[in-house]
Amino acid sequence: MPVRLVAEGVGAFVLTFVAAGADAAGRITAGEVSPLARALAPGLVVMALIYAIGDRSGAHFNPVVTLAFAIRRLFPLAWVVPYWLAQLGGAVVAGVALRILFGAAAEAGVNAPHIEAGAALALEVFLSLVLVTVILGTADRYQVIGPDAAIAVGATIALCGLVALPLEGASMNPARSLGPAIAAGQLGDTWLYVLGPLLGAAVAVGLTTFLHGPVSAADQKPREAARGKG
């Protein structure tokens with residue numbers, strides 16, 4: 001378990017540092033870091049992390065992914081809270097590090113909607129539904145896809161960012177949103193980025209079960225994908 005938790009903490013740290021750091025860099029350079037680069041960066045880093053350390057913990061780096069795997073019965077319920085704590089801890093450390101490095105500019109990494117709250121919430125639900133459906137689907141096909149699931153997951157994160165980053169931040173990850181918000185003391189809109197992904201993940205589990213059916217007790221490959229070998 002310690003290896004799994006360190007892998008999740010490191011993954012959440014790197015993801016948050018890159019995603020929120022790209023937003024901070026965009027503010028510091030007055031827009032020289034383009035929205036395209038800011039959208040692609042989280043997807044690319046998650047892809048790299050899955051290849052690098054995904055076999056240690058399952059490469060969740062996101063509390064709603066952990067919850068979805070647990071509901072899908074691919075992941076032990078007793079591991080959920082430790083994973084959440086590791087993910088949130090890594091994200092908070094990243095938020096503090098960005099605050100130390102970039103000062104007030106790090107506040108640009110705090111997710112905030114630029115559209116009405118209801119529309120932002122709906123977007124987070126939809127984007128998280130898409131992301132978690134892809135993650136669960138690649139886990140179901142892990143025996144065929146293997147580590148190349150990294151490409152599908154990273155591409156989905158990047159594509160969702162291209163669509164929604166300018167509108168509401170395209171978080172899809174409560175830890176990524178909470179980390180910088182806690183470090184900056186700006187929790188006002190964070191509920192959107194917790195509730196939306198949770199709802200989207202719940203719908204994704206139902207959709208995946210409808211499309212693929214329950215996971216066979218004899219099929220260990222999806223469980224291996226969800227748990228890693230830490």
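**View 1. Val-153 and its contacts in the predicted model.** Setting aside residues within four places in sequence, Val-153 makes contact with Val-46, Ile-50, Leu-131, Val-134, Ile-135 and Thr-138. This is a predicted model, so take the view as a computed picture. Val-153 also turns up among the residues with the most contacts inside the largest nonpolar core, along with Val-46, Phe-69 and Val-132.

**View 2. The largest nonpolar core, with its 37 residues.** Helices α2, α3, α4, α5, α7, α9 and α10 each put two or more residues into this core. Which helix gives the largest share? That would be α5, with eight residues.

View 3. Helix α3 runs over residues 63–71, and seven of its nine residues are buried, so the rest of the structure largely encloses it. The buried ones are Pro-63, Val-64, Val-65, Thr-66, Ala-68, Phe-69 and Ala-70. What covers them? The cover includes α4 (80–102), α5 (117–140), α8, α9 (190–212) and α10 (221–227). Phe-69, one of the buried residues here, is also one of those with the most contacts inside the largest nonpolar core.

View 4. Just past the helix, look for Arg-73, which takes a positive phi of about 65 degrees.

**View 5. Gly-179 in helix α8.** Helix α8 covers residues 174–184, and Gly-179 is part of it. Is Gly-179 buried or exposed? It's buried, with a relative accessible area of 0%. Not counting residues up to four places away in sequence, Gly-179 touches Ala-91, Val-92 and Gly-95. Ala-202 lies 23 residues from Gly-179 along the chain, and the C-alpha atoms of the two are 23 Å apart.

View 6. The elements giving two or more residues to the patch are α2 (35–57) and α7 (149–168). An α-helix has 3.6 residues a turn, so residues three or four places apart point the same way. Keep that in mind when you look at the spacing of the patch residues. Leu-44, for one, sits in helix α2. With a relative accessible area of 52%, Leu-44 counts as exposed because the cut-off for that label is over 50%.

Key: Residues are numbered from 1 along each chain as its sequence is written. This is a predicted model: local features need pLDDT of at least 70, side-chain atom pairs count only at pLDDT 80 or more; totals for chains, interfaces and linings use all residues. Side-chain values use heavy atoms; hydrogens and water are left out. Helices (H or I, at least four residues) and strands (E, at least two) are DSSP runs, numbered from the N terminus. Buried means under 20% relative accessible area, exposed over 50%, partly exposed in between (1.4 Å probe, protein chains only). Contact means heavy atoms within 4.5 Å. A nonpolar core is a set of buried Ala, Val, Leu, Ile, Met, Phe, Trp, Tyr and Cys residues joined through side-chain atoms within 4.5 Å.
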